[in-house]
Amino acid sequence: MARIFRHHVSPVKLALAVTDIVLITGSAFLAEWLRWNALDLELLQTATSMIGKLSIPIVTFPLLLGFGSYQSDAMGDLKIFFFRIVAAMSVSVLLLAALAYLLPAIPLWRSILLMSFAIAGTAVLISHTVFVFFAADSFLGKRVIILGASKDAMALKDEAESTPDAALKIIDVIALPDGEGNDADASVLDDMNQLPAYSAAKGCDLIVIGDKFENQSLPVQALIACKLAGVQIMDRLAFFEEVRGYVNLESVKADWIVFAEGFKGGSFLERALKRIMDLTISSIFLVLTSPILLLCAIAIKLTSKGPVFYQQERVGLNGDTFNVLKLRSMRVDAEKYGKPQFAEENDPRITAVGNFLRRTRMDEIPQVINVLKGDMSFVGPRPERPYFVDQLAGQVPFYRERHCLKPGITGWAQIRYPYGASFEDSRRKLEYDLYYVKNYSLFLDLLIVLQTIRVVLFPHGVR
């Protein structure tokens, strides 16, 4: 995996993104040349014409990213990708048309714009098809042997195979001689010292330690020989972090957090820039959504008794509490018995308007005021109620460590995992929060902001 500002990025995604940028940029130049040639005019390149052509990839690529065109589901299913690329490019055309209207000095002819998107859309679709079907067998892919054949190891195999953007080709699963509950289809080596020769014969690039080795001995010498021969060795924890984008709690120990790279919370400059980004994004967001906020307030007031807004105590930075502000989506007597409870699927406490607000995430809009006040950041772990934090901290290891950063309106866990409405969901979301805390950077924040578009437009797991 490549690392960009501490964030792990699949080489397939990186290569595909670079290819798409080149294709979209090339399409803009080609469309201009074709149009001028059809009119039998001499093509003159000026500073404004270059700005016009370069504005096409500058607008389009972030939207492709934000609409989820590089997510595992899109890269594993061309129908999903086709739908998302059409949506992203349609919005791009509208934005660029608006730009051409507001800045007439930039030569963005409608004919050239439409032609460039027709060329770019076709080229990008072809490139994604090629990557999806051939990435695992190309120089970008890795041939993988999983060492261990227990239930945990086989689950890891399923994880690898369900991540097409990682381009991992599982070529074998090798059972350990003293392993318990080994899968019947796994290969067995009579002597683990044969592992280096066996992996070389298989053309192995990566060995993933699939078992936890609580009651087993790791073939250290054989693995050292493999590593010295150029084979990458990866344990379960590194696999889940680098390939799946979360920290596997079952494999985490306190000493790993102490000695692992990361968990720095960003430098002073990064924290200052993050605050500037929070103020900028929140101010723009509040201005743009103020008409929507007004309509939502009217709808709430007309359809149910009670206030438009509600405040609720949440846990923030370093465990300090604050009152989060949201649009009311439940009845005023939602907790009439005084005991907090998670929202359920098809929760009867949610009003008709509230159901719409939750599905579109519009109930979260007032939280930008918390961001402007400094209680929250635009990106960060989801703030929880003190009642749930106390319970979760007693059941889930390292739960309070997520409070080393400000909570956010959106975050890595929010865009990667459905709405958490149980202790098990909270445990899973913590795995993504720990990844964010460990690998925090402004680059990751920008990725999360862009990918929040996909979560809003294609809601999944909303309650």
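**Salt bridges and their surroundings**

Mentor: By the rule used here, a side-chain nitrogen of Lys or Arg within 4 Å of a carboxyl oxygen of Asp or Glu, the count comes to 15 salt bridges. This is a predicted model, in which local features need pLDDT of at least 70 and side-chain atom pairs count only at pLDDT 80 or more, while totals for chains, interfaces and linings use all residues. Residues are numbered from 1 along each chain as its sequence is written, and side-chain values use heavy atoms, with hydrogens and water left out.

Trainee: Which residue forms a salt bridge with Glu241?
Mentor: Helices (H or I, at least four residues) and strands (E, at least two) are DSSP runs, numbered from the N terminus. The closest N and O atoms of the Glu241 salt bridge are 3.0 Å apart. Glu241 lies in helix H9 (residues 236-244) and its partner in helix H16 (residues 423-438), so the pair ties together parts that are 197 residues apart in sequence. The partner is Lys438.

Trainee: Is Glu241 buried or exposed?
Mentor: Buried means under 20% relative accessible area, exposed over 50%, and partly exposed in between (1.4 Å probe, protein chains only). The relative accessibility of Glu241 is 7%, and Lys438 is buried with a relative accessible area of 7%. Glu241 therefore counts as buried.

Trainee: With which side chain does the side chain of His8 make a polar contact?
Mentor: His8 is found in strand E2 (residues 7-9) and counts as buried at 10% relative accessibility. A polar contact is a pair of N or O atoms within 3.5 Å; within protein, one must be able to donate a hydrogen and the other to accept it, and residues adjacent in sequence count only if both atoms are side-chain atoms. Leaving aside neighbours within four places in sequence, the residues in contact with His8 (heavy atoms within 4.5 Å) include Met1, Tyr435 and Asn439. The polar contact, at 3.3 Å, is with the side chain of Glu241.

Trainee: How many residues apart are Asp445 and Lys274?
Mentor: Asp445 forms a salt bridge with Lys274, the closest N and O atoms being 2.5 Å apart. The pair links distant parts of the chain, with Asp445 in helix H17 (residues 442-457) and Lys274 in helix H11 (residues 268-303). Both Asp445 and Lys274 are buried. Their separation is 171 residues.

Trainee: Where does Ala167 lie?
Mentor: Phi of Ala167 is near 55°, a positive value in a residue other than glycine. At 3% relative accessibility, Ala167 counts as buried. Its place is the loop between helix H6 (151-161) and E4.

Trainee: Is Asn318 buried or exposed?
Mentor: Asn318 lies in the loop between strand E8 (309-315) and E9, and its phi is near 60°, a positive value in a residue other than glycine. The relative accessible area of Asn318 is 59%, so it is exposed.

Trainee: How far apart in space are Val173 and Glu42, C-alpha to C-alpha?
Mentor: Val173 is in strand E4 (residues 168-175) and counts as buried at 7% relative accessibility. In sequence, Val173 and Glu42 are 131 residues apart. Their distance in space is 62 Å.

Trainee: What is the radius of gyration of the chain?
Mentor: There are 17 helices and eleven strands in the chain. The radius of gyration is taken over C-alpha atoms, and the globule rule is 2.2 Å times the number of residues to the power 0.38. That rule gives 23 Å for 463 residues, close to the chain's own value, so the chain is as compact as a globular protein of that length. The radius of gyration is 25 Å.
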